Amino acid sequence: MVAHKFTVDLNKPLVFQVGHLGESYQEWVHQPIVSKEGPRFFDSDFWEFLTRTAWWAIPTIWLPVVCWCISMSVRMGHTLPQTALMVAFGIFLWTFVEYVLHRFLFHIETKSYWGNTIHYLLHGCHHKHPMDGLRLVFPPAAAAILCIPFWNLIKFCATPSTTPALFGGGLLGYVIYDVTHYYLHHGQPTNQVPKSLKKYHLNHHFRIQNKGFGITSAFWDRVFGTLPQTKAADKAR
């Protein structure tokens with residue numbers, strides 16, 4: 001009996017299809033479809049709604065939380081310079097979290113039904129449909145749930161008065177990351193720094209997908225040796 005290779009029907013909701021790809025999922029998900037119109041994920045309108053987020057919702061929802069957290073540390077007696085340093089350190093910590101999540105979780109290789117399904121929801125959908133503008137930023141409901149363990153981790157490592165500012169800095173780093181990520185896909189930068197970031201990130205999507213995991217900077221890629229080779233270096237090999 002000959003086994004037939006599973007084929008995804010792009011005209012039907014995708015989430016519960018991709019698991020059937022098995023070992024073929026990794027190859028399929030890294031062949032991008034460049035279209036601003038994203039696919040449907042679920043039959044349910046409710047669950048479909050939760051997967052779509054406009055970029056402006058991220059600063060609108062989370063910046064007030066950032067301000068509230070920072071003000072807590074100020075009210076607990078920290079000076080503005082002290083608080084600013086804690087916020088800056090929180091942003092720096094976020095850049096590390098950003099790198100680690102992107103490299104080791106979002107690019108984990110899966111082949112089981114539920115492994116493929118969960119990976120597609122987490123990050124695979126973004127690589128398959130990189131220009132889907134409503135699935136570029138992280139859904140606020142899921143982010144709110146993840147805030148709980150991150151808050152508790154910082155609370156465990158820091159003092160009661162420094163925890164809010166550190167968490168606020170990390171959350172601010174996340175907001176910067178998500179808004180930057182959207183801009184790198186849909187913005188048209190004219191200055192050299194954002195132009196370089198855009199080129200760096202699109203290189204990750206369309207040329208070397210197992211390198212270049214930094215979004216807001218290439219710092220941790222330099223530290224851990226995951227900088228992608230230039231086209232000139234590839235030709236010289």
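Where does H7 bend, and which proline follows within four residues? I looked this up first. H7 bends by about 25 degrees at Cys147, and Pro149 is the proline that follows within four residues. I took the bend as the angle between axes fitted to the seven residues ending at a residue and the seven starting there.

I note that this is a predicted model, where local features need pLDDT of at least 70 and side-chain atom pairs count only at pLDDT 80 or more, while totals for chains, interfaces and linings use all residues. Residues are numbered from 1 along each chain as its sequence is written, and side-chain values use heavy atoms, with hydrogens and water left out.

Helix H7. I checked the length of H7, residues 140-157: its 18 residues should span 26 Å at 1.5 Å a residue, and the end C-alpha atoms are 25 Å apart, which agrees. The expected span is 1.5 Å times one less than the number of residues. Pro140, Ala143, Cys147 and Ile154 of H7 are buried (under 20% relative accessible area, 1.4 Å probe, protein chains only). I found the buried residues of H7 packed against helix H4 (57-75) and helix H8 (163-186).

Whole protein. I counted 11 helices and 0 strands, taking helices as DSSP runs of H or I with at least four residues and strands as runs of E with at least two, numbered from the N terminus. Of the 237 residues, 43% count as buried. The C-alpha trace spans about 75 × 50 × 35 Å along its principal axes. Contacts (heavy atoms within 4.5 Å) with a separation of 6 or more come 67% from residues 24 or more positions apart.

Definitions and conventions
Buried means under 20% relative accessible area, exposed over 50%, partly exposed in between (1.4 Å probe, protein chains only).
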